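Dear colleague,

My notes on what was found in it follow directly after.

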Amino acid sequence: YRHLNFVSARNVTQMAVNDGVPHLILLSAAARPFGLPREYIESKRDAERHVQKSGLGWTILRASPMYAPGRRRNILYMALSLFRRLPLLGRLVAGYASTDVESVAQGIASLALSSNAFTNRMIGPTQLHRLGRTAARQRRRARVLPAVEPAQVDSDEPPFGWLPPVR
(Lines give C-alpha, C1' and ligand atoms only; values in the text may rest on other atoms or scores of the structure.)
Protein backbone atom coordinates (compact mmCIF):
# COMPACT_ATOMS: atom_id res chain seq x y z
CA TYR A 1 0.00 0.00 0.00
CA ARG A 2 2.91 2.32 0.58
CA HIS A 3 3.96 2.03 -3.06
CA LEU A 4 0.39 2.35 -4.30
CA ASN A 5 -0.51 5.43 -2.26
CA PHE A 6 2.51 7.24 -0.82
CA VAL A 7 5.06 6.70 -3.59
CA SER A 8 2.47 7.55 -6.27
CA ALA A 9 1.47 10.75 -4.47
CA ARG A 10 5.15 11.66 -4.02
CA ASN A 11 5.82 11.19 -7.74
CA VAL A 12 2.76 13.19 -8.80
CA THR A 13 3.65 15.96 -6.35
CA GLN A 14 7.19 16.13 -7.71
CA MET A 15 5.89 16.33 -11.30
CA ALA A 16 3.47 19.10 -10.27
CA VAL A 17 6.29 21.08 -8.64
CA ASN A 18 8.54 20.63 -11.69
CA ASP A 19 5.77 21.66 -14.10
CA GLY A 20 4.70 24.72 -12.11
CA VAL A 21 1.27 23.47 -11.10
CA PRO A 22 0.03 25.79 -8.35
CA HIS A 23 -2.63 23.57 -6.76
CA LEU A 24 -2.91 19.80 -6.30
CA ILE A 25 -6.06 17.82 -5.54
CA LEU A 26 -5.49 14.49 -3.80
CA LEU A 27 -8.24 11.90 -3.54
CA SER A 28 -7.74 10.08 -0.25
CA ALA A 29 -9.89 7.87 1.96
CA ALA A 30 -11.98 8.91 4.94
CA ALA A 31 -11.75 5.54 6.65
CA ARG A 32 -10.27 2.11 6.12
CA PRO A 33 -12.62 0.01 3.98
CA PHE A 34 -13.74 -3.24 5.57
CA GLY A 35 -11.36 -6.08 4.84
CA LEU A 36 -8.24 -4.00 4.17
CA PRO A 37 -5.29 -3.91 6.58
CA ARG A 38 -4.37 -0.88 8.68
CA GLU A 39 -1.38 -0.15 6.39
CA TYR A 40 -3.81 1.00 3.67
CA ILE A 41 -5.09 4.01 5.61
CA GLU A 42 -1.64 4.73 7.05
CA SER A 43 -0.22 5.00 3.53
CA LYS A 44 -3.08 7.36 2.58
CA ARG A 45 -2.29 9.60 5.57
CA ASP A 46 1.42 9.58 4.70
CA ALA A 47 0.53 10.70 1.16
CA GLU A 48 -1.63 13.50 2.60
CA ARG A 49 1.19 14.73 4.86
CA HIS A 50 3.62 14.70 1.92
CA VAL A 51 1.29 16.81 -0.24
CA GLN A 52 0.73 19.24 2.65
CA LYS A 53 4.49 19.73 3.09
CA SER A 54 5.21 20.05 -0.65
CA GLY A 55 4.82 23.82 -0.88
CA LEU A 56 1.97 23.52 -3.37
CA GLY A 57 -1.54 24.68 -2.72
CA TRP A 58 -3.55 21.58 -1.91
CA THR A 59 -7.03 20.19 -1.57
CA ILE A 60 -7.31 16.80 0.08
CA LEU A 61 -10.55 14.92 -0.43
CA ARG A 62 -11.25 12.28 2.18
CA ALA A 63 -13.88 10.35 0.29
CA SER A 64 -15.97 7.50 1.57
CA PRO A 65 -16.10 4.21 -0.37
CA MET A 66 -17.70 4.62 -3.79
CA TYR A 67 -20.04 2.55 -5.91
CA ALA A 68 -21.19 2.67 -9.51
CA PRO A 69 -24.91 3.43 -9.81
CA GLY A 70 -26.88 0.46 -11.10
CA ARG A 71 -24.33 -2.09 -9.87
CA ARG A 72 -24.68 -4.47 -6.93
CA ARG A 73 -23.58 -3.07 -3.58
CA ASN A 74 -22.54 -4.66 -0.33
CA ILE A 75 -25.50 -4.79 2.05
CA LEU A 76 -23.39 -3.37 4.90
CA TYR A 77 -22.48 -0.28 2.87
CA MET A 78 -26.13 0.14 1.86
CA ALA A 79 -27.15 0.13 5.53
CA LEU A 80 -24.44 2.63 6.42
CA SER A 81 -25.63 4.90 3.60
CA LEU A 82 -29.09 4.88 5.16
CA PHE A 83 -27.68 5.64 8.63
CA ARG A 84 -25.78 8.61 7.18
CA ARG A 85 -29.11 10.44 6.86
CA LEU A 86 -29.73 10.34 10.61
CA PRO A 87 -28.55 13.49 12.42
CA LEU A 88 -26.13 12.17 15.06
CA LEU A 89 -25.41 8.68 13.76
CA GLY A 90 -24.68 10.12 10.31
CA ARG A 91 -21.53 11.85 11.55
CA LEU A 92 -20.19 8.60 12.99
CA VAL A 93 -20.70 6.52 9.84
CA ALA A 94 -19.93 9.20 7.22
CA GLY A 95 -16.47 7.79 6.47
CA TYR A 96 -17.87 4.31 5.84
CA ALA A 97 -21.17 5.12 4.11
CA SER A 98 -20.78 4.64 0.37
CA THR A 99 -21.33 7.41 -2.17
CA ASP A 100 -22.00 7.05 -5.88
CA VAL A 101 -19.07 7.74 -8.19
CA GLU A 102 -20.97 10.32 -10.23
CA SER A 103 -21.67 12.43 -7.16
CA VAL A 104 -18.01 12.31 -6.12
CA ALA A 105 -16.90 13.23 -9.65
CA GLN A 106 -19.28 16.21 -9.69
CA GLY A 107 -17.90 17.36 -6.33
CA ILE A 108 -14.30 17.04 -7.47
CA ALA A 109 -15.06 18.95 -10.67
CA SER A 110 -16.73 21.79 -8.78
CA LEU A 111 -13.78 21.99 -6.38
CA ALA A 112 -11.27 21.95 -9.25
CA LEU A 113 -13.10 24.76 -11.03
CA SER A 114 -13.47 26.87 -7.90
CA SER A 115 -10.07 26.28 -6.34
CA ASN A 116 -7.80 29.11 -5.39
CA ALA A 117 -4.13 28.23 -5.78
CA PHE A 118 -3.33 29.63 -2.33
CA THR A 119 -6.19 28.05 -0.37
CA ASN A 120 -5.47 24.75 1.35
CA ARG A 121 -8.54 22.66 2.11
CA MET A 122 -9.37 19.35 3.72
CA ILE A 123 -12.74 18.12 2.44
CA GLY A 124 -14.47 15.39 4.43
CA PRO A 125 -16.87 12.76 3.09
CA THR A 126 -20.04 14.59 4.14
CA GLN A 127 -18.91 17.84 2.55
CA LEU A 128 -17.81 16.06 -0.65
CA HIS A 129 -21.14 14.23 -0.83
CA ARG A 130 -23.02 17.53 -0.41
CA LEU A 131 -20.86 19.30 -3.02
CA GLY A 132 -21.48 16.51 -5.52
CA ARG A 133 -25.24 16.53 -5.02
CA THR A 134 -25.37 20.34 -5.32
CA ALA A 135 -23.27 20.34 -8.50
CA ALA A 136 -25.45 17.60 -10.03
CA ARG A 137 -28.63 19.57 -9.24
CA GLN A 138 -27.16 22.75 -10.75
CA ARG A 139 -26.13 20.86 -13.85
CA ARG A 140 -29.63 19.43 -14.31
CA ARG A 141 -31.14 22.89 -13.86
CA ALA A 142 -28.75 24.48 -16.33
CA ARG A 143 -30.57 25.60 -19.42
CA VAL A 144 -29.35 24.11 -22.66
CA LEU A 145 -29.13 26.71 -25.39
CA PRO A 146 -30.34 25.76 -28.86
CA ALA A 147 -27.80 25.42 -31.63
CA VAL A 148 -27.34 28.61 -33.60
CA GLU A 149 -27.47 28.33 -37.37
CA PRO A 150 -24.55 30.03 -39.12
CA ALA A 151 -25.37 33.30 -40.81
CA GLN A 152 -25.76 33.17 -44.56
CA VAL A 153 -23.02 35.20 -46.23
CA ASP A 154 -23.54 36.48 -49.76
CA SER A 155 -19.92 36.47 -50.75
CA ASP A 156 -17.64 34.53 -53.04
CA GLU A 157 -15.18 34.08 -50.19
CA PRO A 158 -15.39 30.94 -48.03
CA PRO A 159 -15.97 31.50 -44.31
CA PHE A 160 -12.96 32.03 -42.09
CA GLY A 161 -11.37 28.73 -41.09
CA TRP A 162 -13.07 26.77 -43.89
CA LEU A 163 -11.18 23.78 -45.23
CA PRO A 164 -12.10 21.68 -48.24
CA PRO A 165 -13.51 18.25 -47.41
CA VAL A 166 -10.97 15.43 -47.17
CA ARG A 167 -11.45 12.62 -49.66
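**Findings**

One aromatic pair is present in the structure, which is a predicted model. The pair is formed by Tyr1 and Tyr40: their ring centres are 5.6 Å apart and their planes stand at 85°, so the arrangement is edge-to-face. An angle over 60 degrees is what that class requires. Tyr1 belongs to the segment before α1 (2–19) and Tyr40 to helix α2, so the pair ties together parts that lie 39 residues apart in sequence.

The two tyrosines may also be described by their accessibility. Tyr1 has a relative accessibility of 38% and therefore counts as partly exposed. Tyr40, at 14% relative accessibility, counts as buried, because the limit for that class is under 20%.

Helix α2 (residues 38–52), which carries Tyr40, also takes part in a right-handed β-α-β unit together with β1 and β2. Strand β1 covers residues 23–29 and is mostly covered, with five of its seven residues buried. Its partner, strand β2 (residues 57–63), runs parallel to β1, and seven bridges join the two. Within this pairing, Leu27 stands opposite Leu61 of β2.

A further point concerns helix α5 (residues 101–114), where Ala109 is found. Ala109 has a relative accessible area of 36% and is therefore partly exposed. Between the C-alpha atoms of Ala109 and Gly132 the separation is 8.6 Å, while the two residues are 23 residues apart along the chain.

With kind regards

Methods: Residues numbered from 1 in each chain as written. Predicted model: local features only at pLDDT ≥ 70, side-chain atom pairs only at ≥ 80, totals over all residues. Heavy atoms only, no water. Buried < 20%, exposed > 50% of the residue type's maximum accessible area, 1.4 Å probe, protein only. Helix = DSSP H or I, 4+ residues; strand = E, 2+ residues; numbered from the N terminus. Pairing = 2+ DSSP bridges. Right-handed = clockwise from strand over helix to strand, strands pointing away. Phe/Tyr/Trp six-rings, centres within 6.5 Å; stacked < 30°, edge-to-face > 60°.
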